[in-house]
Amino acid sequence: MRSIYSKIFQYSLAGILGLFFAAEGFSQQTGEVKDQEFIIRKDRVLTLPAQPRRFERLPVLPNPKSSNAYTYEVQPYFLNLEPVAIKSEAAQKNFPKKQEEMYRGFARFGLGNYNSPLLEGRYNLWEDGDYQVSAKIFHHGFYSGPTGDSNSAETKTNVKLDGRLYKEVYQFFGGVHYNRHMVNFYGFDWNDLNLADYVPGQNVLNTFQVMGGIEDVDKVEGLNYEGRVFIRAFHDNYEASETEIGILAKTDYWFDDALRFDFDMNLSLTGPKDVFYGDINRNYFKIRPSVGYLTESIKVDVGANIVFENDVTNNKSSDFHIFPALYGHYMLAKEFGIYAQFEGDVLRTTYQDFVRENPFLGPSDRLLNTIQNFKTGAGVKGNLLDELVYEVGFNVGRYRNMYFFANSATDSTRFNLLYDDLTNVINYRAMASWKYDTWYQVTGLVNYYSYDMGTLSAAYHRPEWEVSLNNQIQPTEKWLIQFNANLMGGIQGFNQQSDVSVKLPAVLDLQFKADYKITDRFSAFAIGNNLLNRTNQRFLNYPVRGIQGILGATFQF
C-alpha cells in the first residue's frame, strides 16, 4: 500500500514540476507584454474552497477544576451481576521517583598469593553537553609463578582513553589504547640438575592502537550505520613486530518491520616482521552483502562473503574467493524451533591473534589465514516457561590452513605454528540457560570436536571436548556470588625437539567470586581460581598456577 501512495506522489510531483517549468519557459520565450485588453470588475468577489489542514491547532480548553468528592455509579446490564464497589482516591500529579546517584569513577585494590597485586581505576567525565570522556587503567601481576618463583612471573597492564561526541542524529567516537603483557618462557624440566642455573627468557608483548569512527544514534528503522578506522602497532622483546591499518563498516537498511538489507566491509592491511620473514604485506578485504527477513517465528539470512587476500600458499588457486552465507530458523512454537546454516569464509588471522591465544609463541616461518570452504549444520532450540533457554545442534566444516601449535625444534620452551592442508571438523554442541526468579541463573555449554587431519598427525593443542558451567547468585541486594567450572580434555601436545607426542591430562578449573556491598560507595570482593589446586597444562610443559586467591575492596567516587 505504501508503494502505491509513493508512486501517486511521484507522478503528482512530476506533473506539478512539469507545469511549473512549462510556464516558466513560456514566459521567457514571449519576452515583453504586448498590447492586451483587460476588463476590471469591482463587484466580483474571489473565494477559495476550504482546504483541510494536516495538523489542526489544538483548541484552548478550560482548566479543569478539582473536586474532593468523587462519585461512581455502576449501571446494571442485562446480566444479573453485583456491581463492583470502587473506592475512589484522588491521584497526585507529582509521583516521587527514586534517583540513583551516578558516580563518575571507581578504584579497585586487591592482593593475593603469588605476589599478585590487582589495581584498577576508571573515571568518566560527562556534562549536560554533548560529549563524554572516559579513562581506564588496569594492572594485574603475578610476580611469583608456579615454578621457579619470579622466573615464571606474569603481568598484564592496560591503559585506555575513550571519548564520544554526540550530535542530533549521529555520534563520533574514538580512543587510544595501550596493552602490555609480560611472560617468561618457563616451560622446561625444573628438576633437571643440568638446568639448575638456567634463567628462562622473558618476553614483553606491547600493543598500541588509535581508532576513531562514526555511527548513528537511533538504531530503530530506516538506515543504520557504523564505521571505524584504526591503526595498530605491535612488537615484542625479540624480532616480532606487526603494524595494521584497518577499516570496518556495518550498514543495514530496514524496508519495513521484517525485511532488511545488510552490507558489511572489512579492510585489513598488515606488515609483519620476524626472524624468518620481513617486508611482506598481508592484505585482506572482505564485503558481505545480505538480505534478511525476521518475524516472531521466522528468521532467514541470504548473503555472500566476497574476499580478497594475498597469502602465499600452494593449496589455493586464487586470491579471490566468493562463498555463500545462508542461515534460517523456524520456531514452531516458543518452546521448540529448528535452525540450519551453510557458510564459507576466509577467517582473518594476524600475528597478534596467534600470540593472544598462545603467549609463548616463538618465531614461525609464515602467517596464513584459515580458509573455511564450508561450514554447515542444524539443530533445535527453544524457550521453556520463560525460564529455560536451550539449543542442541551440530555442524560439519572443511578448512584449509587451519593452524595448530607445537613446541619448537630449536627451543622447546617456545611454540611454532603448524598448518594443515585440509581439515574436516565435526562439532556437536549443547547449551542451556536457566533463570530462577531474580536471584539465580545458571548457564552450561558442552562442545565435542572430531578432527580428520590432512598432512598433520593430530590436532595439536586443540581440545577434543569442552565443558563450562557458570552460576550467578544474588540472594540479597548486597551480595553477588559467582561460581564457575571450566573443563577441557583430549589435548594432544607435540614436542618437535624430541619428536614426542603427549596427551595432556584434562584441565579442570573451579572459580569463585563474591562481592559484598557495604555502602553505596564501598564494597569488598574475594576471588578464587583453580580451587582444586591442579597442575593444569593448556600447553605442553607449561603448568599453570595452583590455588590462587585475591581479597580486595572497591570505592566509587
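**View 1. Salt bridge between Asp520 and Lys517.** Asp520 and Lys517 form a salt bridge, with 3.4 Å between the closest N and O atoms. The term salt bridge stands for a side-chain nitrogen of Lys or Arg within 4 Å of a carboxyl oxygen of Asp or Glu. Lys517 has a relative accessible area of 36% and is therefore partly exposed; buried means under 20%, exposed over 50%, and partly exposed in between (1.4 Å probe, protein chains only). The model is predicted: local features need pLDDT of at least 70 and side-chain atom pairs count only at pLDDT 80 or more, while totals for chains, interfaces and linings use all residues. Residues are numbered from 1 along each chain as its sequence is written, and side-chain values use heavy atoms, with hydrogens and water left out.

View 2. The structure holds 20 salt bridges. In one of them, the side chains of Glu215 and Arg164 meet at 3.0 Å, N to O. Glu215 belongs to strand 6 (residues 202-216) and Arg164 to strand 4 (residues 154-166), so this pair ties together parts 51 residues apart in sequence. Helices (H or I, at least four residues) and strands (E, at least two) are DSSP runs, numbered from the N terminus. Glu215 counts as buried at 10% relative accessibility, whereas Arg164 is partly exposed at 30%. The side chains of Arg288 and Glu343 also meet in a salt bridge, at 2.7 Å, N to O. Arg288 is in strand 10 and Glu343 in strand 13 (residues 336-347), so the pair connects parts that are 55 residues apart in sequence. Arg288 is partly exposed, at 23%, and Glu343 is partly exposed, at 21%. Arg108, Glu120 and Arg122 are linked in a network of salt bridges.

**View 3. Surroundings of Asp311.** Asp311 lies in the loop between strand 11 and strand 12 (320-333). With 7% relative accessibility, Asp311 counts as buried. The side chain of Asp311 reaches the backbone nitrogen of Asn369 at 2.7 Å. Not counting residues up to four places away in sequence, Asp311 touches Arg282, Lys316, Asp319, Leu367, Leu368 and Asn369; contact means heavy atoms within 4.5 Å.

**View 4. Phe285 in strand 10.** Phe285 is located in strand 10 and counts as partly exposed at 35% relative accessibility. Leaving aside neighbours within four places in sequence, Phe285 is in contact with Met265, Asn266, Leu267, Ile306, Val307 and Phe308.

**View 5. The largest nonpolar core.** This core has 21 residues, and those with the most contacts inside it include Tyr351, Phe354, Phe360 and Leu361. Helix 2 (351-357), strand 16 (402-407) and strand 17 (415-420) are the elements that give two or more residues to this core. A nonpolar core is a set of buried Ala, Val, Leu, Ile, Met, Phe, Trp, Tyr and Cys residues joined through side-chain atoms within 4.5 Å. Leaving aside neighbours within four places in sequence, Leu361 is in contact with Tyr351, Phe354, Val355, Phe405, Phe415, Asn416 and Leu417. Apart from this core lies another, of 12 residues, among them Leu418, Leu456, Ala458 and Ala459.

Note on methods: A polar contact is a pair of N or O atoms within 3.5 Å; within protein, one must be able to donate a hydrogen and the other to accept it, and residues adjacent in sequence count only if both atoms are side-chain atoms.
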